[in-house]
Amino acid sequence: MVNMKKYLLGGVLLCAGAFIVSCSSDEELTPSGEGTISLDIRTETGFLSRAVNEADYMNVNNYTVQLLSGEEVQNEWKYTDLPESMQVNAGTYQVKAYYGEDVAASTETMYVEGVSEEVTLVDKDTKTISVTCKPVCAKVSVKFADAMADYFTDYSVTFKTVALGEGNFVWKKDSTDPVYLKVGQDEEVTATINYTENGAQKSVEKKYVMSPGTGMTITVNPVQSTGSMGISITVDESTNDIEQDIEVPGDWIDETPAAE
């Protein structure tokens, strides 16, 4: 009986020792003390159009900057109020900077955002966190040939994206400004070309792969085939509806031609 008590006591002590070592190890892995963070915010929008003034998005003073720890916002500033550096508790951080209205589709605004990689600071560390802000949208234009009005009473293009959910964006026959569609990387965007001939409504559905920062122009022309009218659809992914005297960075334009 005495030996059994010794064994039990020894087992308890071993477990307790393992528990203490485990806690000690966890404490050693948890950063402690304070570090210093400096922030570097940059923008890359790469386009200019009649609808959106790129200068607003290139100006970092318009941006809001957040210091994140996990999902929690530790601090938030307007860029103009951003300190040169800051003391923070040791730990892991990210920086998010953004400007504009985060909507699924718009002809008047777009959303530009950047989120940095995670950076871990230990005691007395000094690090700079860099973040580059880019559009989360694709820029799309539709050009209806003037001759469309000679054959069809109405025509439009309906766009569907993941961000639009159950909704859609309709480019009407008299629309002129490009639409900025929020898309994911290599997202399949559905464009349905609708037209009405002699009271009959017809449509043609097309799918295009788009990513943030790409541009596309869809041109729709009337064509006659076997005695009836139809439409011809062409896509230009190398144009961006910009003024000729503006230099456009190549990362906005996708120069890969798309099949009809």
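Strand β12 (residues 169-172) has a covered face formed by Phe169 and Trp171, and an uncovered face formed by Val170 and Lys172. Strands here are DSSP runs of E with at least two residues, numbered from the N terminus. This is a predicted model, in which local features need pLDDT of at least 70 and side-chain atom pairs count only at pLDDT 80 or more, while totals for chains, interfaces and linings use all residues. Residues are numbered from 1 along each chain as its sequence is written, and side-chain values use heavy atoms, with hydrogens and water left out.

**Pairing of strands**
- β12 pairs with β11 in the antiparallel sense over four bridges; two strands pair if DSSP finds at least two bridges between them.
- Lys172 in β12 is the bridge partner of Ser156.

**Lys160**
- Strand β11 (residues 154-160) contains Lys160.
- Lys160 has a relative accessible area of 29% and is therefore partly exposed (between buried, under 20%, and exposed, over 50%, with a 1.4 Å probe and protein chains only).
- Not counting residues up to four places away in sequence, Lys160 touches Gly165, Glu166, Gly167, Asn168, Val189 and Thr190 (contact means heavy atoms within 4.5 Å).
- A polar atom of the Lys160 side chain lies 2.8 Å from the backbone oxygen of Gly167.
- Lys160 and Lys207 are 47 residues apart in sequence, and their C-alpha atoms are 9.6 Å apart in space.

**Thr192**
- Thr192 is placed in strand β14 (residues 187-197).
- Thr192 counts as buried because its relative accessibility is 17%.
- Residues touched by Thr192, not counting those up to four places away in sequence, are Ser156, Val157, Thr158, Ser203, Val204 and Glu205.

Notes:
Polar contact = N/O pair within 3.5 Å; in protein donor to acceptor, adjacent residues only side chain to side chain.
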